[in-house]
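Good morning, and thank you for making time for this item.

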Amino acid sequence: MKTLSIEVRRAEPLDARAVAEAHRISWLHAYGGLIPHKALISMLERRGEDWWRRASRGPSTLLVLDIAGKIAGYATIGLNRAKALKQEGEIYEIYLLPEFQGTGLGGYMFRECRGILRGLGLKGLVAWCLEESAHAVTFFRATGGMDVAEGLEDFGGTSLNKLGFVWAE
């Protein structure tokens, strides 16, 4: 019997190309039709392989979901940036390639991110998503998040509503 390895691990500089590709594909899938096209493409172009190589070196933590050597998704985590919220940790991004969505791997990656933040002694967790991103809203609610904050995000002159989800502890 063959064993399939699945792990969430810290990204290495050599992962940069695969993370850049996962970023591009997952963002086009998640935000196509939500974020104005020109703004979305501009954001994707700014975050190419070199950007991800630098990101793998900090200051926030870049994690990858590695399935038998294939990068199936990524997450970035660190300190909460919304000082009005008392939670100390934040998941800045958590994305999977479309073919891995709906398999339970997003929940697995979320739990691993949360565990790492707890391990660093950070109490509570915050994550933000666009209000119109039904998939993200459903995901965060399914993991026990409560939407307690709202904000606006500007994308090339278009403002979109975002929701802040929190988890206790």
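Predicted model: local features only at pLDDT ≥ 70, side-chain atom pairs only at ≥ 80, totals over all residues.

The residues that line the largest cavity are Arg-114, Leu-117, Arg-118, Leu-122, Gly-124, Leu-125 and Glu-169. Which helix gives the most to its lining? That is helix 4, residues 105-119, with three residues. Sorted by class, the cavity lining comprises three nonpolar, one polar and three charged residues.

Let me turn to the largest pocket. Its volume is about 1100 Å³. The lining of the largest pocket is made up of 43 residues, and those nearest the centre are Trp-27, Tyr-31, Tyr-92, Glu-93 and Tyr-95. At least two lining residues come from each of helix 1 (16-31), helix 2 (37-46), helix 3, strand 4, helix 4, strand 5, helix 5 and strand 6 (146-155). Strand 4 gives the most, with seven residues. By class, the pocket lining has 23 nonpolar, 13 polar and seven charged residues.

Some of the residues just named return when we consider the aromatic rings. The structure holds 12 aromatic pairs. In one of them, Trp-52 with Tyr-74, the ring centres are 4.9 Å apart and the planes stand at 65 degrees; an angle over 60 counts as edge-to-face, so that is how this pair is classed. Because Trp-52 belongs to helix 3 (residues 49-55) and Tyr-74 to strand 3 (residues 70-79), the pair ties together parts that are 22 residues apart in sequence. Both Trp-52 and Tyr-74 are buried. Ring pairs also join Trp-27, Tyr-31, Trp-51, Trp-52, Tyr-74 and Tyr-95 into a cluster. Of these, Trp-27, Tyr-31 and Tyr-95 were among the residues nearest the centre of the largest pocket.

Next, helix 5, which spans residues 134-142. Which of its residues are buried? They are Ala-136, Val-137 and Phe-140. Viewed down the axis of helix 5, these buried residues fall within an arc of 100 degrees, so they line one face of the helix. That buried set packs against strand 4 (89-96), strand 5 (125-130) and strand 7 (158-167). On the other side of helix 5, Ala-134, His-135, Thr-138 and Ala-142 are exposed. After the helix comes Gly-144, with a positive phi near 95 degrees.

For context, most residues other than glycine have a negative phi. Ala-68 is placed in the loop between strand 2 and strand 3. Is Ala-68 buried or exposed? With a relative accessible area of 51%, Ala-68 is exposed, because the cut-off for that class is over 50%.

Setting aside neighbours within four places in sequence, Thr-61 is in contact with Arg-10, Ala-75, Thr-76 and Ile-77. By way of a distance, the C-alpha atoms of Thr-61 and His-29 are separated by 24 Å, and the two residues are 32 residues apart along the chain.

Thank you; I am glad to take questions.

Terms used:
Residues numbered from 1 in each chain as written. Heavy atoms only, no water. 1 Å grid on protein atoms, 1.4 Å probe; cavity = no way out; pocket = protein on both sides within 12 Å on 5 of 7 lines; lining within 4 Å. Helix = DSSP H or I, 4+ residues; strand = E, 2+ residues; numbered from the N terminus. Nonpolar A, V, L, I, M, F, W, Y, C, P; charged D, E, K, R; others polar. Buried < 20%, exposed > 50% of the residue type's maximum accessible area, 1.4 Å probe, protein only. Arc of directions from axis to C-beta. Contact = heavy atoms within 4.5 Å. Phe/Tyr/Trp six-rings, centres within 6.5 Å; stacked < 30°, edge-to-face > 60°. Points joined across faces, edges and corners; volume = space filled by probe spheres on them.
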